[in-house]
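Here is a short note to read beside the model. Keep the 3D view open and find each residue as it comes up.

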Amino acid sequence: MQYLQLESGLRFSRLIQGFWRLKNWQKTPQQLLTFVKQGLELGIDTLDHAACYDGFKTEGEFGRALALDKTLRDKLTLVTKCGILYPNDELQNIRSHYYDNSYQHIVWSAERSIQKLQCDYIDVLLIHRLSPCADPQQIARAFEQLHKEGKVRYFGVSNYSAAKFSMLQSYLSQPLITNQIEISALHLTPFDDGILDFLLEKRIKPMAWSPLAGGKLITRPDQRSQKTAQALLEIGESKGERRLDTLAYAWLLAHPANIMPIIGSGNIERVKNAADALNISFSQEEWIKVYVASQGHDIP
């Protein structure tokens, strides 16, 4: 496993285990604990959560697994996100879908995440999405308090543009250490809209959600996904690699922005496929071949 240093006291495994679809995995707490330990054996020690996943229940499910082995916490880097709200059975006072980036909500959500995850602190807290009416001074105040109280070690954002990232950073005393954005061979926007260029300029390493395009790179439901997958497979043929998911991860890992893909599967064999991507390299010519296949026309 490769590891990336984000700050002097913080490193991420290059591949990150995500828990958005934890409900679909149908694992008991013991099975989930075993799965996390299997990931650790592969070197994957960075785990991504969000308060809102599965109707605000996923963190609690993970916490019940973590409680079975308290020694595991110090081996993990726990990331979670806050700010997205929608009606759900767990928090019945929420009556509409909106983003809450207020001081009160950020502090409350972080404290709730710590309780649900059954840990004493969060390594990294991300603002899940920036509210159009967010007050950056309130976000800064919440971050300062959570850091001072030892509840959160570092902070970052998710789904932020370069302008929004810079705006928020200007209000903070701590550096924002990552931006979690959608990146895949079927979602090329970050390569073209300036966000990855901005993160390269600032030496900030992005987390990539949906690196397999929500599974479309595997199921290939349309002509674009079929052509992109074919380009990956043709390149893989020359490298002795036929696993499409492995090649899709390798394509992202080859980019100089040090992209950190989030694995969405609870199948350990799929996780191993992702880990094997670290052993595959793409030349610039090969990388562009996949890019061209995805965008549907040649480069200028």
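This is a predicted model: local features need pLDDT of at least 70, side-chain atom pairs count only at pLDDT 80 or more; totals for chains, interfaces and linings use all residues.

1. Residues are numbered from 1 along each chain as its sequence is written, and side-chain values use heavy atoms, without hydrogens and water.

2. Start with Phe282. This residue sits in the loop between helix H13 (268-276) and helix H14 (284-295). Helices are DSSP runs of H or I, at least four residues, numbered from the N terminus. Phe282 is buried because its relative accessibility is 12% (buried: under 20% relative accessible area; exposed: over 50%; partly exposed: in between; 1.4 Å probe, protein chains only). Its contacts (heavy atoms within 4.5 Å) include Leu232, Trp251 and Trp287, leaving aside residues up to four places away in sequence.

3. How many disulfides are there? The count is zero, where a disulfide is a pair of cysteine sulfur atoms within 2.5 Å. For Cys52, the nearest cysteine sulfur is that of Cys82, 9.8 Å away. Cys52 is buried, at 8%. The sulfur of Cys133 is 15 Å from the closest one, in Cys82, so it is too far for a bond. Cys133 is exposed, at 68%.

4. Now look at helices H2 (residues 29-41) and H4 (residues 58-66). Their axes come within 8 Å and cross at roughly 80° (axes are lines fitted to C-alpha atoms, for helices over the stretch in contact; angles run from 0 to 180 degrees between N-to-C directions). So H2 is roughly perpendicular to H4, a label for angles of 65 to 115 degrees. H2 contributes Pro29, Leu32, Leu33 and Val36 to the contact, and H4 contributes Glu61, Phe62, Arg64 and Ala65.

Technical notes: Helices (H or I, at least four residues) and strands (E, at least two) are DSSP runs, numbered from the N terminus. Angles under 35 degrees count as roughly parallel, over 145 as roughly antiparallel, 65 to 115 as roughly perpendicular and the rest as oblique.
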